[in-house]
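This report goes through selected local features of one protein model. Please keep the sequence and the model open while reading.

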Amino acid sequence: MSRSALVGNIAAMLQDAGFVVSDRIAIRPKSFDLAARRGEDLLLLKILGNIDAFDGVTGAEMRRLGSYLDATPLVIGLRTRDEDLKPGVVYFRHGVPVLNPDSAMDMFVEGVPPLIYAAPGGLYVSIDGDILAEERKERGWSLGRLATELGVSRRTVSKYESGMNASIDVAIQLEELFDRPFSNPVDVLEGAEDVRESEPTPEDPAADPDDEHVVSVLTQAGFTVHPTSRAPFKAVSEDAGRRKKTNVLTGHSPFTRSAEKRAQIMSSLGEITRTRSVYFVEENQKRQSVDGTGIVSCEELAAINDPDQIRDLIRERARDPAEI
């Protein structure tokens, strides 16, 4: 299956599951291919045939964007160079959860989350230690008795009951011993933070030197500007001057056909992420928006000294996501 067909299939699957899906991001560089929302669940999706192509720079970008936009970064892929991805298993690449399409279908369409995650050394599950301890005590088993049944140490059983994750073989043994499951589902929509290796959100990259003037003006106007390196927009700008945090997807370049295409994609993403989008251009334009993305010239921006006037100009030009 071609990557283009895979992206189309995933988009259709998400729509069947009740998600609203953005236009496909067909420009480069791109850290993700689609954004999708269902209620309060927002996904940023990278879709690959071979997930080995997912590098650390892209992973860091997706995790930063997830933090800025209150979204879950997620990779959906078919295989690594060595093996196909297994259904029902959550993998991780550079701190981002990875699923195969069948696992995504089960979770989003059928409402069946994965129970297994892959980590160095094999496949693991999250054990509900409290329930395990209750079941053991109801049977009158000591820690030593259960340890003997499982072929592990008494200390290991104690750790299971304290919340340590277990190998899939141990999870199967426990289910057979007590005739009930003890596995907790992996909460992929929370980034699977309870089972993935704890990694801090990577720091923002430096702004492109060509964008420094725009960043400076927005910062002086009270925005917190988070530059991007591979997204279809140059930055996510938080309006720190408002009581309620408002995000603005921000672009900047001369107004070319490529810039217009980026503005269109930013508008589609703004609808899904519930953000405004604004594109700063080098020259004055008669057009004030492209499909809902506000167009503001750097000359206009430089002529305004009042932070509130800059916010008002962005609100006037850029479509309010609340009106969509």
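Does Leu43 count as buried or exposed, and what is its relative accessibility? The model is a predicted one. Leu43 counts as buried because its relative accessibility is 0%, and the cut-off for buried is under 20% relative accessible area.

**Leu43 and its surroundings**

Leu43 belongs to strand E3. With neighbours within four places in sequence left aside, Leu43 has contacts to Leu14, Phe19, Leu34, Ala35, Ala36, Thr72, Phe108 and Leu189. Ile272 is 229 residues away from Leu43 in sequence, yet the two C-alpha atoms are 9.3 Å apart in space.

**The second largest pocket**

Strand E3 (41–50) also takes part in the lining of the second largest pocket: this strand, helix H2 (56–69) and strand E4 (72–79) each give at least two residues to that lining. The pocket has a volume of about 300 Å³. Its lining is made up of 20 residues, and those nearest the pocket centre are Ala71, Pro73, Glu190, Gly191 and Glu193. Sorted by class, the lining holds eight charged, six polar and six nonpolar residues.

**The annotated span**

An unreviewed UniProt entry carries the annotation "domain: HTH cro/C1-type" for residues 132–189. In the model, this span is 59% helix and 7% strand, and its end C-alpha atoms are 26 Å apart.

Helix H6 covers residues 154–161 and includes Glu161. Is Glu161 buried or exposed? Glu161 is buried, because its relative accessible area is 14%, against a cut-off of under 20%. Apart from neighbours within four places in sequence, Glu161 contacts Gly129, Asp130, Leu132, Ala133, Arg136 and Leu143.

**Strand pairing around E8**

Strand E8 (residues 122–127) pairs with E7, E9 and E10, as the table sets out.

| Strand paired with E8 | Residues | Bridges | Direction |
|---|---|---|---|
| E7 | residues 116–119 | four bridges | antiparallel |
| E9 | residues 166–167 | two bridges | antiparallel |
| E10 | residues 183–184 | two bridges | antiparallel |

Individual residue pairs can be located on the model. Ile116 has Val125 of E8 as its bridge partner. Tyr124 is opposite Ser167 in E9, and Ile127 is bridged to Ser183 in E10. Strands E7 and E8 form a hairpin with two residues between them, where Gly121 has a positive phi near 105°.

Note on methods: Residues are numbered from 1 along each chain as its sequence is written. This is a predicted model: local features need pLDDT of at least 70, side-chain atom pairs count only at pLDDT 80 or more; totals for chains, interfaces and linings use all residues. Side-chain values use heavy atoms; hydrogens and water are left out. On a 1 Å grid over the protein atoms alone, a cavity is a set of points where a 1.4 Å probe fits but cannot get out, and a pocket is an open set with protein on both sides within 12 Å along at least five of seven lines; lining residues have an atom within 4 Å of a point. Grid points are joined across faces, edges and corners, and a volume is the space filled by probe spheres set on the points. Ala, Val, Leu, Ile, Met, Phe, Trp, Tyr, Cys and Pro count as nonpolar, Asp, Glu, Lys and Arg as charged, and the others, Gly among them, as polar. UniProt positions are given in the numbering used here, feature names are shortened, and annotations may be inferred rather than shown by experiment. Buried means under 20% relative accessible area, exposed over 50%, partly exposed in between (1.4 Å probe, protein chains only). Contact means heavy atoms within 4.5 Å. Two strands pair if DSSP finds at least two bridges between them.
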